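User: I am new to this structure and would like to learn how its features are read. Could you take me through them one at a time?

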Amino acid sequence: MAVAIRQPGWYRGAIGLVLGAAFGFCLVVGLRLLSGLDAFQTEQTGYPQVVVPLITAPFGFLFGFGAFDYWFRWAAGKPTIPEDHSGHGATKWQDYFKFNTDHKVIGTQYVVTTLFFFLVGGLLALLMRAELAQPGTQIVAANTFNGLFSTHAVVMIFLFIIPVFAGLANYVLPLMIGAPDMAFPRLNALSFWLLPIAGLIFLGSFLAPGGSFDAGWTGYAPLSTGAPLGQSFFNIGVQFAGASSIATALNFLVTIITMRAPGMNLWRMPLLVWANLSTSLLVVGATPFVAGAQFMVFFDRILGMNFFNFLEGGDVISYQHIFWFYSHPAVYIMMLPGFGIISEIISTHARKPVFGYRLMALALIGIVVLSYSVWAHHMFVAGMFSWLRVPIMITTMLIAVPTGIKVFSWLGTLFYGKIHTYSTAMLFALAFIITFTVGGISGVMLGMIPIDIHVSDTYFVVAHIHFVLFGGSVFTIFAGIYHWFPKMTGRMYDERLGRIHFWGTLVGTWMTFIPMHWIGMDGMPRRVADYASQYGDWNLLISVSAFVLGAVQLIFLYNMIVSWRFGPKAGPNPWRANSIEWQVSSPPPVFNFDEIPRVVGGPYEYGTPGARHAIMGGEGEGAEVPETKPSTVTVPS
Amino acid sequence: MESASIAAHGHVDDHHHGPPEAHQSARIDRTILGILLFILSEVMLFGAFFAAYFFLRVVADPASWPPEGVELPVLIAGINTCILVSSSFTIHYALEAIKHNNHRGLKLGLTTTWLLGATFLFIQINEYIHIGFTPRDGAFGSIFFSLTGLHGAHVFVGLLLLTFANIRAYRGHFGPEQKDHLGVEVPGIYWHFVDIMWIIVFLAVYII
């Protein structure tokens, strides 16, 4: 027991958690007493005796859990072994609950954790739909409803969509580029463990006096600066989630730039790698802005500053500018990795090279650049500078061009391909193209100032965001999970259950979110617990469909869990794909490769006889392997 | 910094041979690229606060900026700027020294940098105490303390990194090869960033 306490792990983590919380608490109370104030402060925006421990306790836990042990040894000038791999690999399930530095273990940790939060966020959504099934208030009070939609959005965005992509990429990206691990494995592990902390802080806000944060996931000031204690939980949780995604993005960038296998130049990188390169550029550049915005709200709330207090010279609109300067790029952070996944799947299952590969990569970079210039289209009715409206409308329209390039290139890839639809991953990829295009078009509509003014804050906006985030991002996530499930677990999932899940999800998505366009155009406001009775029939249909959609996800969970344990062995390359991760065993060996592979051609040379993407170590030893020339697209006539 | 690989530790059994060496596909060192990207995100964090500064000063259009009766100690802050800027030269000297295997110069440079940074922070805290307004005094107080405080926090982190570098320098851990003095170079890059950022904060808050 005494040894267990000194070793990094859960015991020491729990002690660290308690000590961290106690430290924060004593700091606040001590300083307050020293300054002659009351020990506790219970104004609704205050509660420093709760808020400060909320910051220090997670750090205490991480210290105890072993996240900083190596860095402390280094800082204290003790000898360290930079290439220490004792924390690598997982042989039993308990290894997934450790501070593990193996990118494959971390990838799995990410995906499982985020799916848990997907479930939580989904349940919050179903609670809302239950309330909205009929006009009037039946199940939850209006205040609770505000808390429900706020936490639903925050959990889905910060704890499901953004990190699940980081998780999938964590698993496959180092394999794809022929790297033994990520560039900074310890930072990688720390990024993961910050996530559940952020999630627990968000959900913990339900226990705060005054209920959970309820100013929406946008947390507009001054609504948020005067909100009850729960809002501070949001401010702090966003910092943890944001730090996690910045650290991961930095890790991806360094890995992609410095650790590619020999022969893998930029134009031989799979598009998933390109997608994560561009996403990471967005995260590193934009996420600090949401951190800044939440810091300012936090300072206003806790320290009594006046960033957003009009009476003291503050500026209210500045919150929205700073917030959306992150949060618009954030929608691409939630979409670009999905684009990468879809490119991989479509090319593999259509047995054809990606149409316009270079343009696909450049379109990603184009979206990154443009996405920094469109933030204010969220603010057309907010009373911002009127001269900014039309330029922002134009850039918003422009961003449809690179996105359109991607959609048409997927269609071009499918054109005359040998399309295999036996994989659920491919079904989701095909459905994604259609559903995402619908969501994209309603996005262009919302970018037009007159339409935006008409449908602002109605269900039309809700319909749009769910078509691009559920019909878009979540479909790509399902596609990605099905596609790499055999690689990650070494076993095959059940295609029949996969199909049921697919059709249920597709029909459920359309039935739930299409009618929202119509009632939105009609003027039903979003984010309100009650509505005029004329919308009753449509809302009942939406609620029933939402519950079907939710129920279908249980089939997915059952399929994943049972197949992971009992599924038939998958073999290294069930999809006959070219990229490097499929050339190693399933699941991959603990250090990925015995020898770094050599890349000799593009990743998508399907249909070219004898074309190779990579030569694995030990293969063709000493023999001269000819470089594969990129093929031109040939259409059989 | 000892760079001991698994192989050097004598694990030569087939079951735990460690990963293959990653192929270096770019000339830049991983750690250096990492700190540069981290600095990029730090610049954006400062960017958020500068955006707020712009909104509070220009868009909200207050009657006077700084408010009536507020006098910023430009002279003291100017001297403080000189102190911080000179510390950038001393850390550069330390790095050049270790590149030529001059351990005495390394220790001299690092210690001087640390002392200069600590002096800067001390004067800054002193300025806070005597400045005559608080973060609660209007939007000006909020953004003044936020910008300079955010920068002060970065000086503090930089000082921590320099402390670690000092400990290892005095134990004689660094060497002339790049991989053997990353522990000086990386905090050095961060320190230069803290320095340049102060010049921008100083110009925006005190001068214009």
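User: Which residues lie nearest the centre of the largest cavity, and how many line it?

Analyst: A cavity is a set of points, on a 1 Å grid over the protein atoms alone, where a 1.4 Å probe fits but cannot get out, and lining residues have an atom within 4 Å of a point. Here 13 residues line the largest cavity, and Ile162(A), Ala166(A), Phe252(A), Thr279(A) and Val283(A) lie nearest its centre. This is a predicted model, in which local features need pLDDT of at least 70 and side-chain atom pairs count only at pLDDT 80 or more, while totals for chains, interfaces and linings use all residues. Residues are numbered from 1 along each chain as its sequence is written, chains are lettered from A in the order in which they are written, and side-chain values use heavy atoms, with hydrogens and water left out.

User: How is the size of an interface given?

Analyst: It is often given as the accessible area lost when the parts come together. With a 1.4 Å probe and summed over both parts, chain A and chain B bury about 4400 Å² between them, 72% of it on carbon and sulfur atoms.

User: How many residues of each chain are in contact?

Analyst: Counting heavy atoms within 4.5 Å as contact, 55 residues of chain A meet 51 of chain B.

User: How many salt bridges does the rule find across this interface?

Analyst: Taking a side-chain nitrogen of Lys or Arg within 4 Å of a carboxyl oxygen of Asp or Glu, the rule finds zero between chain A and chain B.

Note on methods. Buried area is the accessible area (1.4 Å probe) that two parts lose on being put together, summed over both. On a 1 Å grid over the protein atoms alone, a cavity is a set of points where a 1.4 Å probe fits but cannot get out, and a pocket is an open set with protein on both sides within 12 Å along at least five of seven lines; lining residues have an atom within 4 Å of a point.
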